[in-house]
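Trainee: I have the two chains open and would like to go through them with you. Can we take it piece by piece?

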Amino acid sequence: MDAAPEHELVIEANRTERHYWRDLWRYRELLGFLAWRDVKVRYKQAALGVAWAVIQPVVQTLLLTFVFSKLAGMQSGNVPYFLLVLCGNLPWLLFTNAFNGAGNSVVGNSHLISKVYFPRLVVPLSSLAVALVDFFVLLAITLPLILIFGFVPDWRLLLLPLFVALALVIALGAGLWITALTVKYRDFRFITPFILQIGMFVTPVGYRTDVLPNWRDLLALNPLTGLVDGVRWCLLGGRTELYVPGLGVSVVIALLLLLTGVWFFRRTERKFADII
Amino acid sequence: MSLPAIEVSGLSKRYVIEHESRHDNLRDTLHHAARKIWRRVRWGTTFEKEEFWALRDVSFTVQPGEVVGIIGRNGAGKSTLLKILSRITEPTSGQIKLRGRVASLLEVGTGFHPELSGRENIFLNGAILGMRRAEIRRKFDEIVAFAEIEKFLDTPVKRYSSGMYVRLAFAVASHLEPEILIVDEVLAVGDAAFQKKCLGKMQDVSRADGRTVLFVSHNLASIRELCDTAILLEAGSVHTAGPCYRVIEAYQHGLAGTTTASVPKPEAVLLEKAYATGVEIETLDGRPQTAVSVGQPWRVRVRFHTASSQPAFVAALGLKSIDGTSVQTAWTPPRDLAPGDYEAIFEQDRVHLAAGTYSVIIGLSSGDRGLQQFETGRLDIVGEGAQGFFPRTSGVGMVLNSMTMSVARLS
């Protein structure tokens, strides 16, 4: 038990929590438990959970390969088209899952929000865990496939964690906006699938940007372009080109999204319990 | 020990209710915004906004180690006060100073996940209530023993009986060790024996360790038993504060007040049939009430209008407990009614239900077909089991004892 009252807590209207970040740190165990809960529930029926994390992306990859390679006749250069799409799908799915998770997190945990205090950022942060676990499951299947196709990843593979972080930053930034807006306007729930549907095509999941020089700069405005290109570059040992200015744009936009997302979330979170 | 543990000064909370519409979706909001601008330009007016002060200028202090009961009718602001103290929502104005680690228990089993096992939920729920992992691990065995669920520790809680579920939830909650504990009316659920155990545990906690407790309940008996002092809230303000018995007295005296019984606007189809026009909950001498003391007489009057003749018309009254269980129903004998205005009266010599909050449901039907059914309001039944008519021969339960009892020697 704590000895003396460790601090005096003052509650006032519109008081900006001076200890917000310290509080967030103090609630890291809750963050861990919520993340663990989500993962546990998802993988509770182990066979089904894992299968679901695998079947869906594999089918999607096959479909995209067919559409872009056979129907659209896009060039894949020196890489089998299937592999190209597989490596592009990996970061895309990480983003999708993380974005969806974060976007639905606050409304999905409304029973907690209206009954217990904790820094609300814990909720979207903890929702990223499921996406991350799914990503590793998929990665564990992708890497052997890459080897089977005769590609041996090189030192570039070591940079993969940086791109994973980039994916989470973009997903969290966008997710914070969506989740805070969803509390007030429930129909933002329907906007998420819409964004993802468009994103699927303006993100080079099914094609490579270095064969489209005319479009490259325009595509780079989408922060996911730099992400997908980067992951492909890591996994395929540099057989696709990494467009560095594009990556720079991606990082800047990602950070902007995160900063504004946190700002907006913090601004609205104090009203969550009243309107949720 | 000179500084109070809780210092509340000038606390107010305002909710704004906009009458035009609810903006649950973006389209409505945009539409509303457009109309608002149009109205302002065209007429120079805006939509009517109703302000509702859930709390208004509430001030009190609580000393360390004090156990304070908060009582008041529904809508008096008790829950809002607890929500602000728990930092779930923020006040509109005023200030609170809390000195010490706070834990609040506004609900039992917050965050329980049905798919997870009892063991997993203990950790999850503990973390949600603000316990450290090490702390939970240390108290784990004690919690399990308290909940009496050893055998089902690894069963998903969705397979638990509701009793087991509540016991587990309570067990976790009652092992919190904050310096300030805030408890809402969570003891209303769970079986009686376990309630007693929890009350006992809470009492131990506060008496032994000098813990500060704020406790909301409708159960005046448990308030009297647990608390030294009490605060009576009325319409968002402190009505009386001080020694427990005095505040309870003030509460019981002040029960008569304005009625909150209401009737909904009838749907269009009902306008040609029949619909309720007014409901009153009152004492037998006609004073409107939203709270009735255990054992006292009470009456409900339902006025309704029949627009066309209604065969086999029935007006019904139902009481539901806070957890949704139907407790009592009564209906008038079926009667063919000509168009006109009528009043149905439900009278009872003494309320024989235990203290608590009940919803009052009104139903109208004709020829076996339901016309209207609605919750007209909440009824607080207050007081202790053994009050007035009822002798102390009834311990626990929702229905108070009106049996005659005797023991006779055989042969």
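Trainee: Which residue does B:Ile231 stand opposite in strand 9 of chain B?

Mentor: B:Ala241. Keep in mind that this is a predicted model. Strand 8 of chain B and strand 9 of chain B run antiparallel, joined by six bridges.

Trainee: And what sits between those two strands?

Mentor: Two residues, and the two strands form a hairpin. B:Ala235 in the turn has a positive phi of about 50°.

Trainee: What does strand 8 of chain B do with strand 3 of chain B, parallel or antiparallel?

Mentor: Parallel. Strand 3 of chain B (residues 67-72) pairs with strand 8 of chain B (residues 229-234) over five bridges. B:Val68 has B:Thr229 as its bridge partner there.

Trainee: What is the strand order in the sheet?

Mentor: In chain B the order is 5-6-7-3-8-9, six strands in an open sheet with mixed pairing. The twist from one strand to the next averages 15°.

Trainee: Which strands stand at the edges?

Mentor: Strand 5 (102-105) and strand 9 (237-243) of chain B. Each has a single partner strand, so one side of each has no neighbour in the sheet.

Trainee: How many bridges join strand 5 of chain B to strand 6 of chain B?

Mentor: Four, and the two strands run parallel. One residue to look at is B:Ser104, which stands opposite B:Ile182 in strand 6 of chain B (residues 180-183).

Trainee: Zooming out, how many helices and strands does chain B have?

Mentor: Eight helices and 18 strands. Chain B has 411 residues, of which 38% count as buried. Take the contacts in chain B with a separation of 6 or more: 71% of them are between residues 24 or more positions apart.

Trainee: Switching to the interface. How many residues of chain B are in contact with chain A?

Mentor: 37 residues of chain B, against 29 residues of chain A. On the chain B side, the elements that give two or more residues are helix 1 (26-42), helix 2 (78-85), strand 4 (93-99) and helix 3 (118-128). Strand 4 of chain B has the largest share, six residues.

Trainee: What is the make-up of that side by class?

Mentor: The side of chain B that touches chain A has 13 nonpolar, eleven polar and 13 charged residues.

Trainee: And which strand of chain A is joined to strand 4 of chain B?

Mentor: Strand 1 of chain A (residues 8-12), antiparallel, through five bridges. A:Leu9 has B:Leu98 as its bridge partner.

Trainee: Now the helices of chain A. At what angle do helix 4 and helix 7 of chain A cross?

Mentor: Roughly 30°, with the axes of helix 4 (residues 81-108) and helix 7 (residues 160-184) of chain A coming within 7 Å. Angles under 35 degrees count as roughly parallel, so helix 4 of chain A is roughly parallel to helix 7 of chain A. The crossing of these two helices is right-handed. Their contact has 19 nonpolar, six polar and no charged residues.

Trainee: What about helix 10 and helix 11 of chain A, at what angle do they pack?

Mentor: About 125°, with the axes 7 Å apart. Helix 10 and helix 11 of chain A are therefore oblique to each other. Helix 10 of chain A passes helix 11 of chain A in a left-handed crossing.

Trainee: Which residues meet there?

Mentor: From helix 10 of chain A, A:Pro223, A:Leu227 and A:Asp229 are among them; from helix 11 of chain A, the residues include A:Gly246, A:Val249 and A:Ile253. By class, that contact divides into six nonpolar, five polar and one charged.

Methods
Residues are numbered from 1 along each chain as its sequence is written. Chains are lettered from A and ligands numbered from 1 in the order in which they are written. This is a predicted model: local features need pLDDT of at least 70, side-chain atom pairs count only at pLDDT 80 or more; totals for chains, interfaces and linings use all residues. Two residues are in contact if their C-beta atoms, placed from the backbone, lie within 7 Å. Ala, Val, Leu, Ile, Met, Phe, Trp, Tyr, Cys and Pro count as nonpolar, Asp, Glu, Lys and Arg as charged, and the others, Gly among them, as polar. Two strands pair if DSSP finds at least two bridges between them. Axes are lines fitted to C-alpha atoms, for helices over the stretch in contact, and angles run from 0 to 180 degrees between N-to-C directions. Angles under 35 degrees count as roughly parallel, over 145 as roughly antiparallel, 65 to 115 as roughly perpendicular and the rest as oblique. A crossing is left-handed if the near helix is turned anticlockwise from the far one by less than a right angle, and right-handed if clockwise. A residue is buried if 20 or more other C-beta atoms lie within 10 Å of its own, exposed if 12 or fewer, and partly exposed in between; C-beta atoms are placed from the backbone.
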